[in-house]
Amino acid sequence: TWSATVEVTVHDFGHNPVNGALVHGTWSPAGANTFECTTGETGGNGTCTVSYPSIPASSNLAVFTVGGITRAGTAYQATANHDPDGSSTGTMIITTRP
């Protein structure tokens, strides 16, 4: 088996980091259920990480897809998802087996 970890960044419309946002997502291939992390919880400013341990060795890649983000007093707009460095679609990121 192998594992994958991705970092999610959440910001507001002014591109200011947002702490305290709960990121909900799913991993593929099947076997991992919904995963969550809270931005800023482990010291990253507006960021959090999600991991998928024990991916079957027969899978060459794993995909994390953001399903939603919640934070009191704010509204999540999935259409605003983006990735400034181009390593993902802003909603989905593909990791490959090392």
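Which strand holds Met92? Met92 is found in strand β6, which spans residues 92–96. The model is a predicted one.

**Largest pocket**

- The volume of the largest pocket is about 840 Å³.
- Strands β1 (2–9), β5 (61–70) and β6 are the elements that each give two or more residues to the lining of this pocket.
- The lining is made up of 32 residues, and those nearest the centre of the pocket are Thr9, Val10, His11, Ile69 and Asn81.
- By residue class, the lining holds 15 nonpolar, 12 polar and 5 charged residues.

**Ile69**

- Ile69, one of the residues nearest the pocket centre, is found in strand β5.
- The relative accessibility of Ile69 is 18%, so this residue counts as buried, because buried means under 20% relative accessible area.
- Ile69 and Glu36 are 33 residues apart in sequence, and their C-alpha atoms are 9.4 Å apart in space.

**Surface patch**

- Leu61, Met92 and Ile94 make a nonpolar surface patch of about 250 Å².

**Cis peptide bond**

- The peptide bond from Ser28 to Pro29 is cis, and its omega is near 20°.
- Pro29 is found in the loop between β2 (22–28) and β3 (34–38).

**Positive phi values**

- His15 is a residue other than glycine with a positive phi, near 65°.
- This residue, His15, lies in the loop between β1 and β2.
- With a relative accessible area of 51%, His15 is exposed, because exposed means over 50%.
- Ser54 is likewise a residue other than glycine with a positive phi, in this case near 60°.
- Ser54 lies in strand β4, which covers residues 47–55, whereas His15 lies in a loop.

Conventions. Residues numbered from 1 in each chain as written. Predicted model: local features only at pLDDT ≥ 70, side-chain atom pairs only at ≥ 80, totals over all residues. Heavy atoms only, no water. Patch = residues over 30% accessible without salt bridge, like charges linked within 9 Å, V, L, I, M, F, W, Y side chains within 5 Å. Areas by Shrake-Rupley, 256 points an atom, 1.4 Å probe, with all protein chains shown as cover. Salt bridge = Lys/Arg side-chain N within 4 Å of Asp/Glu carboxyl O. Helix = DSSP H or I, 4+ residues; strand = E, 2+ residues; numbered from the N terminus. 1 Å grid on protein atoms, 1.4 Å probe; cavity = no way out; pocket = protein on both sides within 12 Å on 5 of 7 lines; lining within 4 Å. Points joined across faces, edges and corners; volume = space filled by probe spheres on them. Nonpolar A, V, L, I, M, F, W, Y, C, P; charged D, E, K, R; others polar. Buried < 20%, exposed > 50% of the residue type's maximum accessible area, 1.4 Å probe, protein only.
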